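Here are a few exercises to work through with the structure in view. Try each one yourself before you read the solution.

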Amino acid sequence: MEVQNELYRRELLKGSTETLLLSLLATEAMYGYQLVKEMDNRSSGYFRFKEGTLYPALHRLERDEMVEGKWEDSPSGQARRYYYITGLGRARLESMLQEWSKFTEAVDLVARPENI
């Protein structure tokens, strides 16, 4: 049962990755490892992004002009690529969150009809 739950969680994450990343970047610019840690912290460990998930998603968002990546020196002097949400990314995030709200409401209507 645990393996099935993990597979289901991965499928849910695939459909939510861009929304989650844009949501984090809407609060502040972050670099890759910072995004992974923040996602883990905010989700109480439920979302654990791996490089194979994170960077392809960031590159898609950058290609689609939803985020902009800039190399900057960190306080320790190490160069890191920080990602910033763009105006287009903010508009897309708002649209995604509205659709998410409708989707979860519809799922609840079907899956939990006692709450109607």
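**Exercise 1.** Which residues of helix 3 are buried?

*Solution.* A word on the model comes before the steps. This is a predicted model, so to speak of local features takes pLDDT of at least 70 and side-chain atom pairs count only at pLDDT 80 or more, while totals for chains, interfaces and linings use all residues. Residues are numbered from 1 along each chain as its sequence is written, and side-chain values use heavy atoms, with hydrogens and water left out.

Step 1: Helices (H or I, at least four residues) and strands (E, at least two) are DSSP runs, numbered from the N terminus. Buried means under 20% relative accessible area, exposed over 50%, and partly exposed in between, with a 1.4 Å probe and protein chains only.

Step 2: read off the list. The buried residues of helix 3 are Leu54, Ala57, Leu58 and Leu61.

Step 3: see where they point. They cover an arc of only 100° around the axis, which puts them on the same side of helix 3; the arc is taken from the directions from the helix axis to the C-beta atoms. An α-helix has 3.6 residues a turn, so residues three or four places apart point the same way.

Step 4: turn to the other face. Away from the buried side, helix 3 carries the exposed residues Glu51, Gly52 and Arg63.

**Exercise 2.** Find how many aromatic pairs the whole structure has, and take a look at one of them.

*Solution.* Step 1: a search of the whole structure turns up three aromatic pairs. Rings of Phe, Tyr and Trp (its six-membered ring) pair if their centres lie within 6.5 Å; planes under 30 degrees apart count as stacked, over 60 as edge-to-face and the rest as tilted.

Step 1: one of the pairs is tyrosine 31 with tyrosine 82, edge-to-face at 5.4 Å centre to centre and 80° between the planes.

Step 2: tyrosine 31 lies in strand 1 (residues 30-31) and tyrosine 82 in strand 3 (residues 79-85), so the pair ties together parts that are 51 residues apart in sequence. Both tyrosine 31 and tyrosine 82 are buried.

**Exercise 3.** Which charged end sits over the ring of tyrosine 31?

*Solution.* Step 1: the test is that NZ of Lys or CZ of Arg is within 6 Å of the ring centre and within 35 degrees of the ring normal.

Step 1: the charged end of arginine 80 sits over the ring of tyrosine 31, 4.2 Å from its centre.

Step 2: likewise, the charged end of lysine 70 sits over the ring of tyrosine 84, 5.0 Å from its centre.
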